[in-house]
Amino acid sequence: MVVLALLCTAPLVLHAHLPNRVGNLGSLVQTLLPWVGLGVPVLLALSLGLRSRRGAAAALLPAVVWAALFTGELTDRSGARGGTGTLTVLSHNVDEDNPEPVRTARALAAAGADLLALEELPRDPSVYVRELAAYPYHRVHGGVGLWSRYRLTDVAPVEIMPWTRAVRATVHTPKGPVAVYAAHLASVRVSPSTGFTTGRRDEAGRLLAEAVRAEPLDRVVVLGDFNGTHRDRALAPLTSGLRSAQREAGDGFGFTWPAAFPVVRIDDVLVRGLAPQASWTLPATGSDHLPVAAALRP
């Protein structure tokens, strides 16, 4: 039992040092790291069944380490979701094969955000254009679109992949201009033969990071489907210079995928030069992702 407890503790302590050379093992462990804690009740159940006091005591080690890493994320860190001067943003991978696009679009419209970033739009996005007509400004490039209550200028694709998967715009809020990047990084694959395949996603993240670093505006919002979590070291070029609204002002882990039983947060709102006030997920819409939203204050 002591050996099992040490094996459960090891990824919690050593995840930053696990190599990525073979199957991106380090990134995979970091993506699923909160779930390592499930080993603790298993160890306790085994100890109880074996009537092993030593085993039960050993199970405290991974429990304490897990609590040290994640207790802060389990608390409610959120404040007000709106108010004067607050910019409310929402991001959603709507799923190109979504069987209920009308319901999805109406749910997004009812959320009342100031700015919507939608990823994986279908080739014909007319359903979303129609149902989100209350937003006076919108632009769609490829599978990525922005809908805004405030004027949009300088809207242009960001070249992170051979086809358009990211867009940048200036949003003219009542508190001044904000640079917004909406992105959908490449998908990852997990298989016994290749492990955690992230090369195309990592390259897209690096190119997006370069664009964000070169951004002349002080206030920046980067939101979308990153197909990876903020803990994944491979996305550090992007995430290290930005703050996660969920980590600072969320309630719990805010897992977003898959929508039926979310186990990871691969959709996020990242900021620079703005203060997250609240961050939350919205109910399922028909997509395989949950929408994410955040209230930001300049």
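**Pockets and sheet: review note**

1. The lining of the second largest pocket divides into five nonpolar, four polar and four charged residues (nonpolar means Ala, Val, Leu, Ile, Met, Phe, Trp, Tyr, Cys and Pro; charged means Asp, Glu, Lys and Arg; the others, Gly among them, are polar). This is a predicted model, in which local features need pLDDT of at least 70 and side-chain atom pairs pLDDT 80 or more, while totals for chains, interfaces and linings use all residues. Residues are numbered from 1 along each chain as its sequence is written, and side-chain values use heavy atoms, without hydrogens and water.

2. The volume of the second largest pocket is about 300 Å³ (the space filled by probe spheres set on grid points joined across faces, edges and corners). E96, E120, L121, G142 and G143 are the closest to its centre among the 13 lining residues. A pocket here is an open set of points on a 1 Å grid over the protein atoms alone, where a 1.4 Å probe fits, with protein on both sides within 12 Å along at least five of seven lines; lining residues have an atom within 4 Å of a point.

3. The largest pocket holds about 350 Å³ of space. Its lining has 16 residues, with V188, F196, N227, W257 and I266 nearest the centre. Helix 2 (25-31) and strand 8 (189-191) each give two or more residues to this lining (DSSP runs numbered from the N terminus: helices H or I, at least four residues; strands E, at least two). Nine of the lining residues are nonpolar, five polar and two charged.

4. Six strands make an open sheet with mixed pairing, ordered 5-6-7-10-12-11 (strands pair if DSSP finds at least two bridges between them). Strand 5 (151-157) and strand 11 (243-244) are at the edges with a single partner strand each, so one side of each has no neighbour in the sheet.
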